[in-house]
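This briefing walks through one structure, topic by topic, for a reader who is new to looking at proteins. Please keep the sequence and the picture in view while reading.

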Amino acid sequence: MPATPRQRAREQTLDDITRIGRRQLAEVGAAALSLRAVARELGVVSSAVYRYVANRDDLLTLLVVDAFTELGDEVEAAVGAAGSTAVDRFSALAHAVRAWAVREPARWALLYGSPVPGYAAPAERTTAQETRVITLFAHIMDDAWRAGELGVGDHPAPGALAEDYQAIRDQLSLSVPDGVVAATVQAWSALFGAISFEVFGQYGADTFSDPDALHDYTVGRLAVQLGFGAGAGGGRGAGRRA
């Protein structure tokens, strides 16, 4: 059923609010977001904006969902266009995440930087988009395990976490053993941590002259640790920023 004019107008206004919120995020940061400033740019009174976004926290949630959705879309597209092997798909995922992060540092900070004081993202609105990348990564690993492309399954995992690994398997419908779940979690945190180090300048401005080469090396090392085999970094240019 086609959208009514009222529905289209509402969607357009929400798109405009999101666009202005993105710009505010880049200019003043998440903690200083202002619905009054959004209203001024829209050319309406503040009360008109409140019909679409109830308060600052609601605006933050709108921006969180928007960012996770765009990141998930880009990563899924990159993985879908990658080669058929698991290591190709992992490399495409890793490079696509980094490409989005370095292009959208303020939005990456909203998702993976310091928590915004007084704000807690509502799980019922954010979790579905938030978990898209790690779910895709976990299924790449699951597919690789099923196809016999991994060599990490026999590595011991902490027995104290066995119930947690089982919960992850149940939630994501995985067949991999604990060792693969543990390796996936470790690689996920290492990848996102390395990207955050780059985006937030934590390596230092002059420490590494070629961030692309550093990221390629990181992805290659993670691929080896995951059991894909040596030299599986995916090559320069995959998911590279313009």
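Predicted model: local features only at pLDDT ≥ 70, side-chain atom pairs only at ≥ 80, totals over all residues.

Phe208 has a relative accessibility of 40%, and it therefore counts as partly exposed.

**Aromatic rings**

- A pair of aromatic rings is described by how far apart the centres are and by the angle between the planes.
- Searching the whole structure gives nine aromatic pairs.
- In one of these pairs, the ring centres of Trp188 and Phe192 lie 6.3 Å apart with their planes at 75°, and because an angle over 60 degrees counts as edge-to-face, this pair is placed in that class.
- Trp188 and Phe192 both belong to helix H10 (residues 178-199), where they are four residues apart, so about one helical turn separates them.
- Within this pair, Trp188 is partly exposed because its relative accessibility is 32%, whereas Phe192, at 9%, counts as buried.
- Tyr203 and Phe208 make up an edge-to-face aromatic pair too, with 5.3 Å from centre to centre and 90° between the planes.
- Tyr203 has a relative accessible area of 30% and is partly exposed, and Phe208 is likewise partly exposed at 40%.
- A cluster joined by ring pairs takes in Phe68, Trp108, Tyr112, Trp188 and Phe192.

**The nonpolar core**

- In soluble globular proteins, nonpolar side chains tend to be buried together.
- The largest nonpolar core here has 63 residues, and the members that touch the most others are Leu59, Val75, Phe90, Leu93, Trp108 and Phe228.
- Helix H5 (residues 86-103) supplies the largest share of this core, namely eleven residues.
- Leaving aside residues up to four places away in sequence, Phe90 touches Phe137, Ile140, Val219, Leu222, Ala223, Leu226 and Phe228.

**Helix H4**

- Helix H4 (residues 56-80) contains 25 residues and spans 36 Å from its first C-alpha to its last, which is close to the 36 Å expected at 1.5 Å a residue.
- The N-terminal end of H4 is capped by Asn55, which has a side-chain oxygen 3.2 Å from the backbone nitrogen of Asp57.

- Although Pro177 and His155 are 22 residues apart in sequence, their C-alpha atoms are 9.8 Å apart in space.

Key:
Residues numbered from 1 in each chain as written. Heavy atoms only, no water. Phe/Tyr/Trp six-rings, centres within 6.5 Å; stacked < 30°, edge-to-face > 60°. Helix = DSSP H or I, 4+ residues; strand = E, 2+ residues; numbered from the N terminus. Buried < 20%, exposed > 50% of the residue type's maximum accessible area, 1.4 Å probe, protein only. Core = buried A, V, L, I, M, F, W, Y, C linked by side-chain atoms within 4.5 Å. Contact = heavy atoms within 4.5 Å. Expected span 1.5 Å × (residues − 1). Polar contact = N/O pair within 3.5 Å; in protein donor to acceptor, adjacent residues only side chain to side chain.
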